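Hello,

Here is the structure I promised to pass on to you. Please have a look, and then read my notes below.

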Amino acid sequence: MHRRTALGGALTALATAAAGVLVAAAVSTAPAAAAAGGTGTGYLHTSGSKIVDSTGATVRLTGINWFGMETDNKTFHGLWSSNPWRSQLDTMARLGYNTLRIPYSNDALKAGATATGINDFVNPDLIGLSPLQILDKVIDYAGSKGMRVILDRHRPTSAGQSPLWYTSTVSEATWINDWKMLAQRYAGNTTVIGADLHNEPHAEGTNPAATGACWGCGDTARDWRLAAERAGNAILGVQPNWLIFVEGVSCPSGGLSNVWDNDPSNDEDCGWWGGNLSKAGQFPVRLNVANRLVYSPHEYATSVYRQAWFDDPTYPANMPAIWDKYWGYLYKQNIAPIMMGEFGTTLQDPKDKIWLQNLMAYTGTGVNGMSFTYWSWNPNSGDTGGIANDDWTTINQAKQDILTPYLIPPTGGGGTTSPSPTGTPNTSPAPTTPPPPVTGGCTATYKQINSWSGGFQGELTVKNTGTAAVNPWSATWTWPSGVTLASGWNATVTQSGTTVTAAAPAWASSLAAGASVTVGFTANGTAATPATVKLNGTAC
């Protein structure tokens with residue numbers, strides 16, 4: 001998806017299923033996501049519906065999209081902000097996103113391509129670098145956080161998306177050769193785990209004169225399933241360790257239904273661009289290297305397009321059957337893993353919050369749940385917004401609260417090094433002098449946001465009731481023995497014994513008199529209220 005304003009007549013209603021349930025049935029009842037961490041060891045492969053690492057351990061990718069390299073800027077958006085690029089990755093990792101899906105266009109890979117929209121003062125280490133060189137740096141740093149990277153061929157050119165994987169100016173050969181180049185460039189780098197071959201193949205032309213991407217129709221010029229095999233096998237010939245991520249289509253015929261001809265034979269069940277994998281069971285993608293295929297549907301809410309199913313009287317009880325039909329059956333029948341490559345919403349419509357809650361429940365909790373990469377980190381996605389707010393620094397807590405119970409933080413992703421204002425990592429030892437005391441006092445309030453088997457999520461708000469700013473600020477609290485920190489945000493949150501410390505982030509080190517800060521976290525163990533809360537050593 002990329003700032004799509006309309007999906008055309010391809011989107012038709014699906015006959016809905018049983019009513020009576022208000023939350024989608026989870027596919028897994030495994031322990032909570034917060035109970036595990038990391039993205040495994042070595043390269044990844046598949047086993048039935050699971051993604052596993054080189055040791056055979058199950059891995060769940062819980063990631064986020066950071067777009068921009070597919071646009072005219074040819075590099076990540078938000079590099080123009082006052083928040084250094086490393087700090088943005090620090091935040092993603094700290095929030096629990098263990099995978100980064102990176103969209104690109106073939107324009108960004110061309111010799112002589114220039115990256116634009118970069119704040120040179122904040123990111124001086126990016127001055128003069130090509131789009132690929134910036135990509136190298138992001139991949140290296142993401143890897144140091146324990147994150148994995150999926151590359152996504154989002155567009156043939158920066159001008160816009162295409163229904164087919166080629167256009168009149170970007171051939172299939174160019175598409176495949178550029179993929180082979182990237183596979184060679186990152187060969188041996190286990191941070192980069194795979195290729196999302198082409199973003200959102202979709203229908204074009206009115207049936208029976210379809211001109212868009214079909215699934216299983218047998219036309220080599222339009223059959224996305226056959227094209228995915230050609231590209232996937234070419235990539236595996238260069239890099240046999242990569243996962244091959246294959247999206248769906250919108251309408252399996254590759255054409256739009258003519259709803260005015262009163263001929264039902266020309267009408268079919270369609271879905272989101274890239275979101276319809278209903279024919280993949282009958283016509284599977286066949287790769288030359290076993291255990292490398294991951295199906296990657298896209299799924300959206302009313303802020304992108306108001307599908308008929310959102311207004312079904314049984315909503316949201318109708319949604320699990322819809323997801324089952326389009327792509328969930330592949331996972332439930334142990335055919336292949338699902339990695340939901342894009343899903344998102346502005347949350348402006350109350351139905352969208354219900355949609356996101358039910359969709360996440362449908363994916364299941366813990367490492368046995370379906371993988372996903374949320375759309376998007378960027379706040380400038382027109383019909384979804386982002387996890388980052390417009391300052392590219394603070395986060396949309398309403399969205400994050402829904403996603404957090406399903407996130408499995410990357411190992412080493414705690415944001416232990418924070419960039420200086422010039423964008424250079426600060427790896428100097430922590431100061432040995434204690435933070436300044438509070439002049440006056442503080443108050444603390446706690447709210448439990450969620451809980452699940454083996455863990456919980458909470459928010460601790462600390463207010464500086466003193467007469468002067470505290471800079472830098474640091475809050476501490478204690479938990480009962482057996483309660484352990486899984487992830488934290490809005491601060492650098494660490495734990496030693498039963499004491500938890502939330503240290504001020506570089507971008508918000510000062511807590512003004514009368515101001516408050518809310519520290520969010522997930523934890524393992526029985527839900528417990530923070531005790532003995534202190535602000536810079538002063539009891540609240």
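Predicted model: local features only at pLDDT ≥ 70, side-chain atom pairs only at ≥ 80, totals over all residues.

Residues are numbered from 1 along each chain as its sequence is written, and side-chain values use heavy atoms, with hydrogens and water left out.

Counting a disulfide as a pair of cysteine sulfur atoms within 2.5 Å, the model has three disulfides. Cysteine 214 is joined to cysteine 217, S to S 1.9 Å. Cysteine 251 and cysteine 270 have sulfur atoms 2.1 Å apart, and both are buried (buried is under 20% relative accessible area, exposed over 50%, partly exposed in between, with a 1.4 Å probe and protein chains only). Cysteine 442 pairs with cysteine 540, S to S 2.0 Å. This pair links distant parts of the chain, 98 residues apart: cysteine 442 is in strand E16 and cysteine 540 in the segment after E24. Cysteine 442 is buried at 8%, whereas cysteine 540 is partly exposed at 35%.

Now to the sheet. Strands are DSSP runs (E, at least two residues) numbered from the N terminus, and two of them pair if DSSP finds at least two bridges between them. Five strands form an open antiparallel sheet in the order E20-E21-E18-E23-E24, with E20 and E24 at the edges.

Best wishes

How values were computed
Helix = DSSP H or I, 4+ residues; strand = E, 2+ residues; numbered from the N terminus.
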